[in-house]
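Work through the exercises below with the sequence and the structure at hand. Each task is followed by a solution in steps.

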Amino acid sequence: MRQTDRQTDRQGRNSWLELLRIISMALITVNHFSGGEAWNYKGAGLGSVAVYQIYRPLGQVGVDIFVLITGYFMADKIDSDYTKSLKRAGKVWLESWFYSIVLFAFASLLLGKFSLSGLVKALLPVTFNAYWFVTAYVILVLLIPFINRVLVKLSKSDFLLLLIVFVFFAEVTPILGNNIFSLDKGFGDLLAVYLLGAYFKRFPVNFKAVYTWISVFVCYALMLISIVALEKLGGPRSNFTRFAYGIFPYIMAGGIFLTFVNKPTFTNKTINYLAGSVFATYLITANEYISSEIWTKWFDVTGVSSPILIVLLGLLITAFLVVVTIFIDKLRIWLFKILHVEQGLGKLIDWLNEKCISAFTKIG
C-alpha cells in the first residue's frame, strides 16, 4: 500500500479507537515511570509503595489494548497475496530498526554505552529481541493471514471455546509459574489478545458501562494490591509484577476496549494523524539504552515526597514523552518519504516473493 493510501485509510478510521491507540502507548510509558524510577523501598510504608507503583499495573493493559485494536481491524482480512503481510511486518521491522540504530548510536557517542554485542542487537532488533513486544508483534503479523483463515470458519460457540483454551494457558497458568505456552511477556499472550479482538469484531459485545468499569477497577485494584504485597513480603524479584501480567490486564484491557468500540463512530483527522506515530513512543522510551537515562537521570523524581505530586508528575512526564516522540516520528516519516525507504522495502519484498514463487514452482 502506498504512503498516500495508508494516510487515507487512517484518516477514515474510527477516531475513538485511534485515541485508544494513543492511550495504550501512554499506559505503557507511565508503567515505565513506576517501574523505572529508582524508588527507595527500604523502610517505605504500604502507602508509599502503592504510590510508587500506582501505574505499574497499566503496562500490560496498554500492550493488550494495542493488540486488541490490531485484532479488531485485521480479523476480517484474508490476503490473497502473502506479500501484504510481509510488507506490514516489514513496516514494523523497519521502524524498529531505525530507532534501534539511531538510539544505539546516540547512547554510544554521547553516553559511552558502546559494545559489540549491543551493536549486533541494534542491527537486528527483532532477531535478538531488543524489544520483546516488537518481536512478538512481528510474529503475529506474519501469521495473521493463516490465523484468520481459521477464525472466519468458526461458529460463535467454537470461537468461545478457542478463547477459553487460549486464555487459560496464555493468561492464567503463567501466573502460577507455568510458562510452557507463554511467558509473562511473549507471543502466546499476544495471540490470546488478538483472538479476543477478532471475536469482538465478528460477534459484537455490548455490556452495560457500569459493569464494564467495575471489572476494570477491580482488576486494577487486585493487580496493585498484589504488587505492593509481593514487595512488602520481600519475595523474589521475578514475582514482583507477576499479577500485572495475564488474566487481570486481559480483562481490564477488554473492558476498556469495549467502552471505546461501542461509542458512536466519529472521525477526527488530528487524532488519527497523531495515532499514526504513537508506536514510536514505545520504541524510544522502552529502548534499553535510553530507558534508564529517562527515568533515573532526565526525569528523576525520587526526591519528591508528596504522593499527589508523584502521581501528577507521572502523568505529566508521560504526556510530554508521548508528544515529543510523536513529533520525532513525524520527522522520521518525512525522512523515509524523501528517501523512498518504504517503497524500496516494498520493491525488495516483491522481488524476493517472485524469486520464492519461481523456486517453489520448480521444486513442485
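Rings of Phe, Tyr and Trp (its six-membered ring) pair if their centres lie within 6.5 Å; planes under 30 degrees apart count as stacked, over 60 as edge-to-face and the rest as tilted. The model used here is predicted.

**Exercise 1. Aromatic pairs**

Task: State how many aromatic pairs a search of the whole structure finds, then classify the pair W93 and W97 and the pair F159 and Y199.

Solution.

Step 1. The search of the whole structure gives 36 aromatic pairs.

Step 2. A pair of aromatic rings is described by the distance of the centres and the angle of the planes. For W93 and W97 the centres are 6.1 Å apart and the planes stand at 20 degrees, so this pair is stacked.

Step 3. Locate the two residues. W93 and W97 both belong to helix 5 (residues 83-110), where they are four residues apart, about one turn of the helix. With a relative accessibility of 31%, W93 is partly exposed; W97, at 30%, is partly exposed.

Step 4. Turn to F159 and Y199. Their ring centres are 5.4 Å apart and their planes are at 75 degrees, so the pair is edge-to-face. This pair links distant parts of the chain, with F159 in helix 8 (residues 156-172) and Y199 in helix 9, 40 residues apart. Both F159 and Y199 are buried.

Step 5. Aromatic residues can also be grouped into clusters. One aromatic cluster is formed by F66, Y131, W132, F133, Y137, F279 and Y282.

**Exercise 2. Helix 7 and helix 9**

Task: Describe how the axes of helix 7 and helix 9 cross, and which residues meet.

Solution.

Step 1. Two packed helices are described by the angle between their axes and the distance between the axes. The axes of helix 7 (residues 132-151) and helix 9 (residues 187-202) come within 9 Å and cross at roughly 45 degrees.

Step 2. Helix 7 and helix 9 are therefore classed as oblique to each other. Their crossing is right-handed.

Step 3. On the helix 7 side, the residues in contact include W132, F133, A136 and Y137; on the helix 9 side, F187, L190 and R202 are among them. The residues of this contact divide into 16 nonpolar, one polar and one charged.

**Exercise 3. Helix 5 and helix 15**

Task: Describe how the axes of helix 5 and helix 15 cross.

Solution.

Step 1. The two axes come within 12 Å and cross at roughly 110 degrees.

Step 2. Helix 5 and helix 15 are therefore roughly perpendicular to each other, and the crossing is right-handed.

Step 3. Helix 5 contributes L94, E95, F98 and Y99 to the contact, and helix 15 contributes I328, D329, R332, L335 and F336. These residues divide into six nonpolar, no polar and three charged.

**Exercise 4. Single residues**

Task: Decide whether T318 is buried or exposed, and find where N129 and H340 lie.

Solution.

Step 1. T318 lies in helix 15 (residues 307-339). Its relative accessible area is 4%, so T318 is buried. Not counting residues up to four places away in sequence, T318 touches A26, T29 and V30.

Step 2. Most residues other than glycine have a negative phi. N129 is not a glycine, yet its phi is positive, about 55 degrees. N129 lies in the loop between helix 6 (116-123) and helix 7, and with a relative accessible area of 39% this residue is partly exposed.

Step 3. H340, also a residue other than glycine, has a positive phi near 55 degrees. H340 lies in the loop between helix 15 and helix 16 (341-363).

Technical notes:
Residues numbered from 1 in each chain as written. Predicted model: local features only at pLDDT ≥ 70, side-chain atom pairs only at ≥ 80, totals over all residues. Heavy atoms only, no water. Axes fitted to C-alpha atoms, helices over the stretch in contact; angles between N-to-C directions. Helix = DSSP H or I, 4+ residues; strand = E, 2+ residues; numbered from the N terminus. Parallel < 35°, antiparallel > 145°, perpendicular 65-115°, else oblique. Left-handed = near helix turned anticlockwise from the far one by under 90°. Contact = heavy atoms within 4.5 Å. Nonpolar A, V, L, I, M, F, W, Y, C, P; charged D, E, K, R; others polar. Buried < 20%, exposed > 50% of the residue type's maximum accessible area, 1.4 Å probe, protein only.
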